[in-house]
Amino acid sequence: PCSRFRNAHARRPVLTMASQPSTADAEAIKTMQLYKKVDRIMDELREAGYADDAPLTVTAVESFDQYHYLGTAAVDHAADALQLGAGARVLDIGAGIGGPARHLADKYGASVTALELQSDLHETGEYLTKRCNLENLVSHRCGDVLQFVPSEQYDALVSWLVFLHISDRRALFAKCAELCKQDGCMYIEDFFMRDALTERERKQLQEDVYCAYLPTREQYEQHLQEAGFTITSFADMSEPWTAFVAERHDSYVGNCDRHRRVVGDAVYKSQEHFFRTVRELFEGGHVGGARILVQRKA
């Protein structure tokens, strides 16, 4: 349904912000350990032999800048599903430090707006994009998606493991429909509830993952349809994601001495706690993951 984006040449939307990002939300989400000391990527780059401010390639950074699951393979899957090509206008909602945005620009020639709520992630992402010499294709913006006001709509919206942080899905998807042009598509990777959660799981989700609301698949689809999206596919990724988060945790613990040396003991402990918590949630079988492709109705 989105094949018309391939080789679509269009100018980038001019962007404005209706208001600044919510300071309260940006601070509260820091209970999620993944989002603390985001400049640890600089420690990793130094360890890899890159001097501060030295030019970088996207490939050099990609081992450290993909906060979602399955790395750039997941971004390639999205690009293929959306049939993205040179000139396609893409909005990455919750862009983190810009990994997927840079990959889409570098490999596919897409013009990407990387929208991120947290100022430290935004600034780190913008800095890395400059070092990769991709400012002509990736534009970083710091703000809340619910308050975001571009001058034009986007061909495609993408988001990896971000919507789980936003409880008001009706408001979120209504805003996404506003941002997406008619017949445009949105690609989402997100959590959903496979079975009833335990009290411990609810606490882990709220405190460690900053997820206060977890819909079932049926509820998730209903929210999207109410906003005017047609669901093209809803692929259950629970099994491969469970394997991924288990291997990630095992690998991190197995290389604890290296990680403590490079990023410090405090960062190691916080990351290990987060990786262990997410592993427990997926292995419990009540939390699942999905790749979702939808199209805005004409």
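Here, "buried" means under 20% relative accessible area. Keep that in mind for these close-ups, which all come from a predicted model.

**View 1. L161, tucked into a loop.** By that cut-off L161 counts as buried, since its relative accessible area is 9%. You'll find L161 in the loop that runs between strand 6 and helix 7 (169-179). Its phi is near 55°, which is a positive value in a residue other than glycine.

**View 2. Y210, another loop residue with positive phi.** Y210 sits in the loop between helix 8 (199-208) and helix 9 (217-226). For this non-glycine residue, too, phi is near 55°.

View 3. Seven strands line up in the order 4-3-2-6-7-9-8, and their pairing is mixed. At the edges are strand 4 (138-142) and strand 8 (229-236); each has a single partner strand, so one side of each has no neighbour in the sheet. On average, neighbouring strands here are turned by 20° against each other, direction ignored.

**View 4. Strand 2 beside strand 6.** Strand 2 (residues 89-93) pairs with strand 6 in the parallel sense, over three bridges. Look for L91, which stands opposite L157 of strand 6.

**View 5. The largest nonpolar core, and a second one.** In soluble globular proteins, nonpolar side chains tend to be buried together. The largest core in this model has 36 residues, and L82, L84, V90, L104, L128 and W160 have the most contacts inside it. Elements giving two or more residues to this core include helix 5 (99-108), helix 6 (119-131) and strand 6 (154-160). Helix 4 provides the largest share, five residues. A second, separate core has 27 residues, among them F148, Y154, L179 and I188.

Notes. Residues are numbered from 1 along each chain as its sequence is written. This is a predicted model: local features need pLDDT of at least 70, side-chain atom pairs count only at pLDDT 80 or more; totals for chains, interfaces and linings use all residues. Side-chain values use heavy atoms; hydrogens and water are left out. A nonpolar core is a set of buried Ala, Val, Leu, Ile, Met, Phe, Trp, Tyr and Cys residues joined through side-chain atoms within 4.5 Å. Buried means under 20% relative accessible area, exposed over 50%, partly exposed in between (1.4 Å probe, protein chains only). Helices (H or I, at least four residues) and strands (E, at least two) are DSSP runs, numbered from the N terminus. Two strands pair if DSSP finds at least two bridges between them. Axes are lines fitted to C-alpha atoms, for helices over the stretch in contact, and angles run from 0 to 180 degrees between N-to-C directions.
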